[in-house]
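Here are some friendly notes to read alongside the model.

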Amino acid sequence: MCGIVGTLAASPVNQLLYDALLLLQHRGQDAAGIVTMQGHKCFMHKARGMVRDVFRTRNMRALPGNIGLGQVRYPTAGNAYSEEEAQPFYVNAPFGIVLVHNGNLTNAHALKDELFDIDRRHINTESDTEVLINVLAHELELAARDLPLTPKEIFNAVRAVQKRIKGSYAVIALIAGQGLLAFRDPFGIRPLCFGRAANGDFMVASESVALEGTGHQMERDLAPGEALFIDLTGKLHTEQCNDAPSLNPCMFEFVYLARPDSVMDGISVYQARLNMGETLAQRVISTMPPNEIDVVIPIPESSRPSAMQLAHRIGKPYREGFVKNRYVGRTFIMPGQGARKKSVRQKLNAIGVEFKGRNVLLVDDSIVRGTTSKEIVQMARDAGARKVYLASAAPPVRFPNVYGIDMPTQEELIAHGRSIEEIRAYIGADALIYQDVDAMKRVVAALRPGLAGFEASCFDGHYVTGDVSLADFAAIREQRTSQGDEEDAAARSRLALQSGTEG
């Protein structure tokens, strides 16, 4: 999962890109990168770490130009620990292209062989983004051979790219001397939107919050399969580049990934979470008498809207029972201590007065591995809770994700192959209530009439692209295993960006 941004402005864009990446930091904390362009020359700085650590004053001064792009990375393909695989990626022909990508190409390995054997292009990393930029470069070269590069040729190249690549992708690219290109996969799985500032400056980004927080007015989301090109004069060109697009946004964006103040594909993330709290409340009422609950407490942070609405619906007080330490990041692990389990208590602390002698209903956004949930339930008991109930605003996570969320393999998922009662016993809660899949889809879809559906494969096992195979799951498993020896691997956890817990 990544956050991407691109901009074209009347003044230098280095600070603008930095500010936008800060607003997208929740989408990736492993690496960050910015590229700017002045004339035909690119200036790039990227490294592992968070935005505030990667970019110092000297780095910012070395990024001149009025057009640029950036990315915050949480790796889902390739080597999670390689600084070479931090984005953006660059190829020097044709024209010179720089690209950032959010998503995951499910046919990256096949494309890598195809690029080498047929297109005569060399891929030097395990990143699917390097594969994608080379496919785009090859198709641009074919589309514009012996012709000036006009929007028509660019859109023809994107159309050809979409016929070759599979999976999920939101892409922003700079073409030297030409302008800024963006396009989205034909299923609309990964988000991408654009807008303008009052002075006409243009920005495209993963979430509307990046636009609004940098003084841009959001115009709209890119449609599934649509491409956008803005030339160096600031003129906007758009075209649908797919014959059969359909909007199936990732449900996990609304459950967890996106900031609550973002609007994605016309759906308020905050309102979606309130609606999930409403349906979760109905599940609670049908499972146990509300009079057995004294207080509703969220597990920070993305579960708060659902927890508030649930509490309102069942007529019980909503209280903040956990305080999050916002300053705990990656801590140094001494050699030989790589396997030591980091306690959730480093990141969360219970407020005893909210638990002592009470029957508490904890609300989390989702339960993935179950290890963190187990520890949080124990924290509530240690704080004096009489009974501890746990409700998940998301349904059971039973299947792996192949579309750009670094979710554990099937064997690591607590809900895979286990009944609700078995999960409850493992976590140690007195009751466990999950969201209903169909109800969740229904109440979120109600916010955007005309949706084809949702990409909710981790909940229902349905992969909307229709081209996911057992080999894809095997590749995910092999990749995660191969990265298990990194010193700080125990600290890595997708599904930990907002809550600060392991998921």
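Predicted model: local features only at pLDDT ≥ 70, side-chain atom pairs only at ≥ 80, totals over all residues.

1. Cys42 counts as partly exposed, because its relative accessibility is 25%. Cys193, by contrast, sits at 1% and therefore counts as buried. How many disulfides does the count come to? It comes to zero, with a pair of cysteine sulfur atoms within 2.5 Å as the criterion.

2. Now the overall picture. The chain holds 15 helices and 21 strands. Of its 503 residues, 59% count as buried. If you take the contacts with a separation of 6 or more, residues 24 or more positions apart account for 71% of them. Several of the points below show such links between parts of the chain in detail.

3. According to the UniProt record, an unreviewed entry, the "binding site" annotation covers Ser302, Asp364 and Asp365. These residues are spread over 64 residues of sequence, yet they cluster in space, with a largest C-alpha distance of 7.9 Å. Please treat the label with some care, since annotations of this kind may be inferred rather than shown by experiment.

4. Where do Ser302 and Asp365 lie? Ser302 is in the loop between β16 (295–298) and α10 (304–314), while Asp365 is in the loop between β19 (359–364) and α11 (371–382). Ser302 has a relative accessibility of 3%, so it counts as buried; Asp365, at 4%, counts as buried because it falls under the 20% limit. The side chains of Asp365 and Ser302 are joined by a polar contact of 2.8 Å. Beyond its neighbours within four places in sequence, Asp365 is in contact with Val255, Tyr256, Ser302, Ser303, Ser392, Ala393 and Ala394.

5. Ring pairs link Phe252, Tyr256 and Phe459 into a cluster. In total, the structure holds eight aromatic pairs. The rings of Tyr18 and Phe55 are 6.2 Å apart between centres, with their planes at 80°, so this pair is edge-to-face. Tyr18 belongs to helix α1 (residues 14–23) and Phe55 to the loop between α2 (51–54) and α3 (57–61), so the pair ties together parts that are 37 residues apart in sequence. Are these two residues buried or exposed? Tyr18 is buried at 16% relative accessibility, and Phe55 is buried at 4%.

6. Staying with α1, seven of its 10 residues are buried, so the helix is largely enclosed by the rest of the structure. The buried set is Asn14, Leu16, Leu17, Tyr18, Ala20, Leu21 and Leu23. Thr214 touches several residues of this part of the chain: leaving out residues up to four places away in sequence, its contacts are Leu16, Asp19, Ala20, Leu23 and Met203. Thr214 itself lies in the loop between α7 (208–212) and β11 (216–221). With a relative accessible area of 16%, Thr214 is buried, and its side chain reaches the backbone oxygen of Leu211 at 3.1 Å.

7. Helix α6 (residues 151–164) passes a simple geometry check. At 1.5 Å a residue, its 14 residues should span 20 Å, and its end C-alpha atoms are 20 Å apart, which agrees. The buried residues of α6 are Glu153, Ile154, Phe155, Ala157, Val158, Ala160, Val161, Gln162 and Arg164. What do they pack against? Their partners are the helices α4 (108–119) and α5 (128–143), together with the strands β7 (167–175), β8 (179–184), β12 (226–231) and β13 (236–240).

8. Finally, Arg381 is worth a visit. This residue is in helix α11 and is partly exposed, as its relative accessible area is 25%. Its side chain makes a polar contact of 3.0 Å with the side chain of Asp430. Apart from residues up to four places away in sequence, Arg381 touches Arg386, Lys387, Val388, Gly428, Ala429 and Asp430. Arg381 and Gly428 are 47 residues apart in sequence, and their C-alpha atoms are 10.0 Å apart in space.

Terms used
Residues numbered from 1 in each chain as written. Heavy atoms only, no water. Helix = DSSP H or I, 4+ residues; strand = E, 2+ residues; numbered from the N terminus. Buried < 20%, exposed > 50% of the residue type's maximum accessible area, 1.4 Å probe, protein only. Contact = heavy atoms within 4.5 Å. Polar contact = N/O pair within 3.5 Å; in protein donor to acceptor, adjacent residues only side chain to side chain. Expected span 1.5 Å × (residues − 1). Phe/Tyr/Trp six-rings, centres within 6.5 Å; stacked < 30°, edge-to-face > 60°.
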